Amino acid sequence: MSVLTSPPTSSGSGEKVSRHRGWRAKAAGVVLAALALTTGVAAPAPAAANPYERGPDPTTASIEASRGSFATSTVTVSRLAVSGFGGGTIYYPTSTTAGTFGAISIAPGFTALQSSIAWLGPRLASQGFVVFTIDTLTTSDQPDSRGRQLLASLDYLTQQSSVRSRIDSSRLGVVGHSMGGGGTLEAARSRPSLQAAIPLTGWNLTKNWSTVSVPTLVVGAQSDTVAPVATHSIPFYTSLPSSLDKAYLELRGASHFAPNSSNTTIAKYTLSWLKRFIDNDTRYEQFLCPIPGTSLSISDYRGTCPHHG
């Protein structure tokens, strides 16, 4: 067996650096091969980096912050320019240096406009997502309709929008409040290719979601009298398959309308869930598993840990 003892030289500085790196890689391969031959143990392959990671290593402070590391901009989409939903606002990272991003559509609740959930747009976009807060066709649309509209908005976002080149169309998710939360479950059931779903104090007359295969975080509010957790969020969660990556977060003392204003608990767990399952970013697993305990802001938390998605 030959052993390399010194790197080859070259007169060109750029070529010299390149060849030196090549020599180092070759030498490392020779050493690893020799190790395998003498010990009988196969040399370990280098770990592959996750190509979907976006942003610096997360900390509790970073996931609770009102803004992440990405500068953002917006595009207003008129309802007259689209079909299947009521237009909305796209929030997106301005830099494309990191590559493409996962994307999320967010639907409001009964009688509400996108303005009711607009705070989540720049907050999530600044963490490395393209986010579409949508208006529905009418403010009285029911959950099944809102589910279809969420999917229509994702199709527009990835196929026709002015930011479509920034999006990885294989990494999509849905979020919604109240009837928009019920629509989130409808969308997840209809389109299994979605990577994440998060109903926020969701409302839906359907209680059985046993056919959903999309990783789902159900967020309920302890003092919700519009969609009480006992008849909505908890049955939603328990009906999801036990084999599914799923979680139930209950906001202590909160009302049905907690998602309509900036809420650190909603934001940090929503962000962690989306990062973990849309970006496959296991750096965020630490905030979801082990299962968070109860606290001044959390009255109940249930989940399947560790996650395997």
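Biologist: How many cavities of 30 Å³ or more does the count come to?

Modeller: The count is 1 cavity, in what is a predicted model: local features need pLDDT of at least 70, side-chain atom pairs count only at pLDDT 80 or more, and totals for chains, interfaces and linings use all residues. Residues are numbered from 1 along each chain as its sequence is written, and side-chain values use heavy atoms, leaving out hydrogens and water.

Biologist: Why is it called a cavity?

Modeller: Because a cavity is a set of points, on a 1 Å grid over the protein atoms alone, where a 1.4 Å probe fits but cannot get out. The largest cavity holds about 30 Å³ of space, where a volume is the space filled by probe spheres set on the points, joined across faces, edges and corners.

Biologist: What makes a residue part of its lining?

Modeller: A lining residue has an atom within 4 Å of a point. Ile63, Ala65, Arg123, Leu124, Gln127, Ala267 and Leu271 line the largest cavity. Helix H3 (120–125) and helix H7 (264–278) each supply at least two residues of that lining; helices (H or I, at least four residues) and strands (E, at least two) are DSSP runs numbered from the N terminus.

Biologist: How do you know that E4 is mostly covered?

Modeller: Buried means under 20% relative accessible area with a 1.4 Å probe and protein chains only (exposed is over 50%, partly exposed in between). In E4, 6 of its 6 residues are buried. Phe129, Val131 and Thr133 are buried on one side, and Val130, Phe132 and Ile134 on the other, so both faces are covered. In the protein chain, 52% of the 309 residues count as buried.

Biologist: What makes a set of residues a nonpolar core?

Modeller: The members are buried Ala, Val, Leu, Ile, Met, Phe, Trp, Tyr and Cys residues joined through side-chain atoms within 4.5 Å. The largest nonpolar core has 38 residues, of which Ile90, Val130, Phe132, Leu157, Val163 and Leu194 touch the most other members. Helix H4 (143–159) and strand E5 (167–177) are among the elements supplying at least two residues each, and the largest share, 6 residues, comes from H4. Another core of 36 residues lies apart from it, with Ile63, Ile117, Leu120 and Leu124 among its members.

Biologist: Which residues is leucine 194 in contact with, leaving aside its neighbours within four places in sequence?

Modeller: With contact meaning heavy atoms within 4.5 Å, the list for leucine 194 is Leu151, Leu154, Leu172, Gly173, Val174, Ala187, Ala188 and Val214.

Biologist: Why are E1 and E2 said to pair?

Modeller: Two strands pair if DSSP finds at least two bridges between them. E1 and E2 share 6 bridges in the antiparallel sense, so they pass the rule. E2 and E4 run antiparallel with 4 bridges, whereas E3 and E4 are parallel over 5 bridges.

Biologist: What makes E1 and E9 the edge strands?

Modeller: The open sheet has 9 strands in the order E1-E2-E4-E3-E5-E6-E7-E8-E9, with mixed pairing. E1 and strand E9 (298–303) each pair on one side only.

Biologist: Which strands does H4 lie across?

Modeller: H4 lies across E1, E2, E3, E4 and E5, running at about 150° to E5. Axes are lines fitted to C-alpha atoms, for helices over the stretch in contact, and angles run from 0 to 180 degrees between N-to-C directions.

Key:
1 Å grid on protein atoms, 1.4 Å probe; cavity = no way out; pocket = protein on both sides within 12 Å on 5 of 7 lines; lining within 4 Å.
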